[in-house]
Amino acid sequence: SRPIQIAPSILTADFGHLADQIRQAEEGGADVIHLDVMDGIFVPNISFGPLVVRAVREVTRLPLDVHLMIQDPERYLAAFAEAGADNLTVHVEACTHLHRTVQQITELGCRAGVALNPATSVEAVREILPFVDMILVMSVNPGFGAQRFIETSMNKLQRVRRLQEELNPLCALEVDGGIGTHNIADVIRSGANVIVVGSSVFNQEGSIQENLAALRQASR
Ligand code: DX5
Ligand code: ZN
């Protein structure tokens, strides 16, 4: 389905008060919680694993959108599904047998997403597109929050959306990295309907609720 969904990423949240930060995001109208899993191999940073996903599962009813920035993610699909993930997104660059990996995600009862790094061609997802629920376009190089939006991502979003309309019209299109009030309307116009927002929600001056309200206002 294609409604506009705001997906706060907890990577830049205050991990000393994570439950409270997530409750504020939920009160602020977040539609989905985006959880950035990093292994220090596929990306140059380490974040968290199934334990934190399980902890988040206990404090919110919102869908959990788990972004696996890990090498050979098929090793951990069951663990993240058991931890409470609703969506499991794997990187096309990290999977040797992507069709099999997507099949495993679906067999676990999760929605399947496939992510593209900034330098990976849209063509890399043509063959898998009919089998997935979402394509994630990285608009920053993965590994960190609070980076600058890569401007060529707008055109890439439009090209992914065109491919989806051809091969899988109901497939969601998620954009991730460097999104704020200054560009959220543009990424939506470019075809994105699931909008990941990290530092524009969690480490700004305003409250989480105020930051989310400003993003929703700017998205119209
Ligand atoms: C980066 C992560 C993104 C990031 C978004 O590797 O996948 O989800 O946390 O944070 P901002 O919105 O601050 O770029
Ligand atoms: Zn992410």
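A: Helices here are DSSP runs of H or I with at least four residues, and strands are E runs of at least two, numbered from the N terminus. Gln21 belongs to one such helix, H1, which covers residues 18-27. The model is predicted, so local features need pLDDT of at least 70 and side-chain atom pairs pLDDT 80 or more, while totals for chains, interfaces and linings use all residues. Residues count from 1 along each chain as written, chains are lettered from A and ligands numbered from 1 in written order, and side-chain values use heavy atoms without hydrogens or water.

Let's stay with Gln21 for a moment. Because its relative accessibility is 12%, Gln21 counts as buried (under 20%; exposed is over 50%, partly exposed in between, with a 1.4 Å probe and protein chains only). Its side chain comes to 2.9 Å from the backbone nitrogen of Asp14. Beyond the residues within four places in sequence, Gln21 also has Ala13, Phe202 and Ile208 among its contacts (heavy atoms within 4.5 Å).

Ligand 1 has 20 residues around it (a heavy atom within 4 Å), and the closest are Gly143, Asp176, Gly178, Gly198 and Ser199. Asp176 also places a polar side-chain atom 2.6 Å from an oxygen atom of ligand 1. Ligand 1 on its own exposes 380 Å², and the protein buries 100% of that (Shrake-Rupley areas, 1.4 Å probe).

S2 gives the largest share of the shell, three residues.

S2 also leads us to Pro44, found in the loop that joins S2 to helix H2 (50-59). Is Pro44 buried or exposed? Pro44 is exposed, because its relative accessible area is 61%. Leaving out residues up to four places away in sequence, Pro44 touches Pro142 and Phe144. From Pro44 to Leu64 it is 20 residues in sequence and 23 Å in space, C-alpha to C-alpha.

Terms used: Polar contact = N/O pair within 3.5 Å; in protein donor to acceptor, adjacent residues only side chain to side chain.
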